[in-house]
Amino acid sequence: MEQSEWTGSQSYAGDIMASRNSYSNARISCAPNTATHTATGAESSQTLPSYGIYGIRGNPIPSNETSLAGSAQLQKSPTEQTSNSTTGNFNTGIIFSEKPLPSHETIEDLETTRTRQLWVIFTWLVTWWIPSPFLNWCGRMKRPDVRMAWREKVAICIVIFFIWSILLFIIIGLGLLLCPKEYVWTMDEVAGRTSPRDAYVAMRGRVYDIAEFANQKHGLKSFEASKELMLMFAGQDINASFPVSVRMACPSLVSKKDDPKYDMYLTMADATVLQAFPFTHKVGALSSSKEMSDPSFYGKYVVPTMNKFKKGDVVWDYDWINSMHVDQGKYWRVINKEVFNLEDYFATIDYPGNTDKKWQFLNNHIVNIFDDKGSGSTDITKEWSEIPWDAQDQLANYNCMKNLFYVGRVDDRQSVRCLFTNYMLLAFACVLMTIVLVKFLAAMQFGAKNRPLTPNKFVVCQVPCYTEDEASLVKTIDSLAGLEYDDKHKLIFVICDGNIVGSGNEKSTPRIVLDILGVDPEYDPPGRDYLAIAEGSRRHNIGKVYSGLYEFEGHVVPFMVVVKVGTPDESNRSGNRGKRDSQILLMSFFNKVHFDLPMTPLELEIYHQMRHIIGVNPRDFEYLLQVDADTEVMPDSLSRLIAACSSDQRIAGICGETMLGNESKSWTTMMQVY
């Protein structure tokens with residue numbers, strides 16, 4: 001091996017030993033399995049250690065056997081066979097010792113990052129209500145770091161809960177906030193409620209359900225209204241049946257000098273409306289009725305009774321109101337989204353017999369605004385506010401108009417404010433459907449595609465695993481071994497994230513993997529240090545490397561297994577640093593290989609076994625296939641993926657079609673297909 005390939009790599013081991021802050025008792029060594037490399041002039045000699053190399057189904061490969069790729073000879077030198085030295089001397093002159101570090105070495109606490117500090121503060125803010133003694137006693141969490149890890153998980157769950165709450169608020173609550181639920185009906189909707197159990201009527205801008213009211217007795221004994229006669233009003237506007245006297249509706253605007261026995265009633269603008277209704281609840285119309293003889297009949301009897309059956313308000317489309325005003329010259333106007341119809345007022349003034357000024361009881365400014373012959377604005381809110389009057393006069397005129405001429409409100413249900421959330425959800429749905437459609441079209445193969453030639457690129461098939469069971473691991477490893485790809489150009493690289501026993505498993509995940517690959521249970525390689533993706537002392541981690549050959553249905557594939565075992569002081573989930581650390585471990589290794597960067601002891605061990613045990617120079621690997629430990633790959637998938645990448649240099653990454661392996665097992669798996 002050339003000296004240049006080791007110079008930058010070995011020098012980092014000394015830096016690791018000098019820069020460790022919180023794990024001074026850990027030893028970084030290559031003994032007793034140490035490789036000694038020397039280079040003198042044009043000649044070089046290699047002394048390879050007696051590693052636990054396992055071939056097909058765990059059978060050891062003789063050290064003098066030609067490597068799999070045929071690029072190196074594995075031989076033992078006489079020096080290593082007779083030496084009991086515990087040190088290894090590399091060509092850089094760096095010496096690694098198994099002896100403990102000096103007792104006078106200063107141990108420094110690793111500085112906590114700003115991000116970590118903020119996360120810890122947030123974690124305590126959301127989990128302060130869970131006392132630590134309770135976790136210690138009930139949760140059996142004796143160690144503070146375990147309790148903190150548990151709190152962090154709770155904090156993450158709380159964050160997820162609030163994110164979902166915000167999402168549900170946007171989907172449900174935001175619409176109700178922008179456009180509160182309104183119990184309103186158009187006259188067309190009222191007209192459709194005519195059944196005996198669902199009979200609606202409209203009266204002075206409000207909607208009432210008279211289904212129950214119709215079942216009661218009405219009228220005098222001499223003239224009693226039947227249920228069938230009452231249901232004739234269903235779906236109708238019954239203003240004409242309940243005329244309101246001007247004196248009662250506008251007491252502040254009608255002269256008190258007038259005879260109180262004389263109550264003014266407005267003339268109906270549309271005579272056919274009055275003729276369509278058989279009842280007229282007009283004061284004095286039925287002298288034998290005590291209630292109808294009362295001048296306050298409407299406010300005293302009608303309103304309290306009908307309020308028991310009130311359902312909501314009548315609403316009108318603004319465009320329809322505007323057409324009534326502009327196109328037909330009607331006296332329909334909008335004030336603060338309330339709709340007023342002064343047809344009866346102007347019909348009364350214009351009636352030939354009503355020449356008395358007492359019929360002109362509204363403010364002249366209001367009359368002028370309404371009587372614009374369709375040239376003004378339909379919404380007169382601004383004009384209403386600009387009328388020069390005092391507050392008392394304004395209130396008196398408003399109450400009078402509300403009692404006599406109010407017919408409902410403007411229908412806002414189709415406004416942008418009310419439809420905003422619908423548009424937003426529709427936009428989200430369109431984006432999602434577009435993504436699904438694009439992915440669907442991208443996954444389709446139009447026309448016949450010839451099977452690509454098997455490339456000769458070197459590929460690492462990486463499998464991170466945590467708590468998977470044996471069946472899942474066997475399925476994944478066998479599918480990788482059975483890939484229709486040159487066995488000499490692929491390497492199965494399994495990373496066990498900690499010495500963990502998964503739920504339902506009798507053995508730890510690393511032991512399951514090693515048993516599948518045929519590794520001798522008695523073999524225990526030395527641990528090698530490396531820097532993990534973690535905080536504080538958990539950055540220091542130790543891994544063990546296994547390698548050999550795996551046979552499956554005629555395929556003989558090299559494999560490597562890295563087991564993250566953790567430091568000696570770890571007792572809970574020892575070695576576990578997360579899936580991201582497992583993926584970055586191999587990516588970081590190849591980054592250092594291709595750029596001649598310093599390596600950690602674990603990476604040096606991987607380099608050695610990959611170069612001298614597997615027999616492939618790490619620089620030769622060009623592609624990395626990442627597969628989950630419960631995924632089965634199709635036999636031709638790797639060939640097609642690499643062929644696609646090789647044919648287009650712009651491709652940096654590519655993914656095949658993902659399918660469910662148990663799509664027909666249950667309704668849940670069937671739904672997961674989509």
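Predicted model: local features only at pLDDT ≥ 70, side-chain atom pairs only at ≥ 80, totals over all residues.
Biologist: How are H5 and H17 oriented to each other?

Modeller: Helix H5 covers residues 144–178 and helix H17 covers residues 416–443, and their axes lie 8 Å apart at an angle of about 165°. Angles over 145 degrees count as roughly antiparallel. H5 and H17 are therefore roughly antiparallel to each other.

Biologist: Which residues of H17 meet H5, and how many residues of the contact are nonpolar, polar and charged?

Modeller: The crossing of H5 and H17 is right-handed. From H5, the residues Ile 170, Ile 171, Leu 174, Gly 175 and Leu 178 take part, and they meet Arg 417, Phe 420, Thr 421, Met 424 and Leu 425 in H17. By class, the contact of H5 with H17 comprises 7 nonpolar, 2 polar and 1 charged residues.

Biologist: Which parts of the chain does the disulfide of Cys 179 and Cys 418 tie together, and how many residues apart are they in sequence?

Modeller: The sulfur atoms of Cys 179 and Cys 418 are joined at 1.9 Å. Cys 179 lies in the loop between H5 and strand S6 (184–185), while Cys 418 lies in helix H17, so the pair ties together parts that are 239 residues apart in sequence.

Biologist: What is the handedness of the disulfide of Cys 179 and Cys 418, and are the two residues buried or exposed?

Modeller: The torsion about the S-S bond of Cys 179 and Cys 418 is about 75°, so this disulfide is right-handed. As for accessibility, both Cys 179 and Cys 418 are buried.

Biologist: How many disulfides does the structure hold, and what pattern do they follow?

Modeller: The structure holds 2 disulfides. One joins Cys 179 to Cys 418, and another is formed by Cys 250 and Cys 400, with sulfur atoms 1.8 Å apart. With bonded cysteines counted along the chain, the pattern is 1-4, 2-3.

Biologist: Where do Cys 250 and Cys 400 lie, and how many residues apart are the parts that the pair ties together?

Modeller: The link of Cys 250 and Cys 400 is right-handed, with 70° about the S-S bond. Cys 250 lies in the loop between helix H9 (246–249) and helix H10 (271–275), and Cys 400 lies in helix H16 (residues 391–404), so the pair ties together parts that are 150 residues apart in sequence.

Biologist: Is Cys 430 buried, partly exposed or exposed?

Modeller: Buried means under 20% relative accessible area and exposed means over 50%. Cys 430 has a relative accessible area of 41%, so Cys 430 is partly exposed.

Biologist: Which residues of H19 meet H18?

Modeller: H18 contributes Glu 470, Leu 473, Val 474 and Ile 477 to the contact. Their partners in H19 are Thr 509, Ile 512, Val 513, Ile 516 and Leu 517.

Biologist: Which elements do the buried residues of H19 pack against?

Modeller: H19 is mostly covered, with 7 of its 9 residues buried. The buried residues include Pro 510 and Leu 514. The buried residues of H19 pack against strand S16 (458–465), H18, strand S17 (490–496), strand S19 (540–552) and strand S20 (555–564).

Methods: Residues numbered from 1 in each chain as written. Heavy atoms only, no water. Axes fitted to C-alpha atoms, helices over the stretch in contact; angles between N-to-C directions. Helix = DSSP H or I, 4+ residues; strand = E, 2+ residues; numbered from the N terminus. Parallel < 35°, antiparallel > 145°, perpendicular 65-115°, else oblique. Left-handed = near helix turned anticlockwise from the far one by under 90°. Contact = heavy atoms within 4.5 Å. Nonpolar A, V, L, I, M, F, W, Y, C, P; charged D, E, K, R; others polar. Disulfide = S-S within 2.5 Å. Buried < 20%, exposed > 50% of the residue type's maximum accessible area, 1.4 Å probe, protein only.
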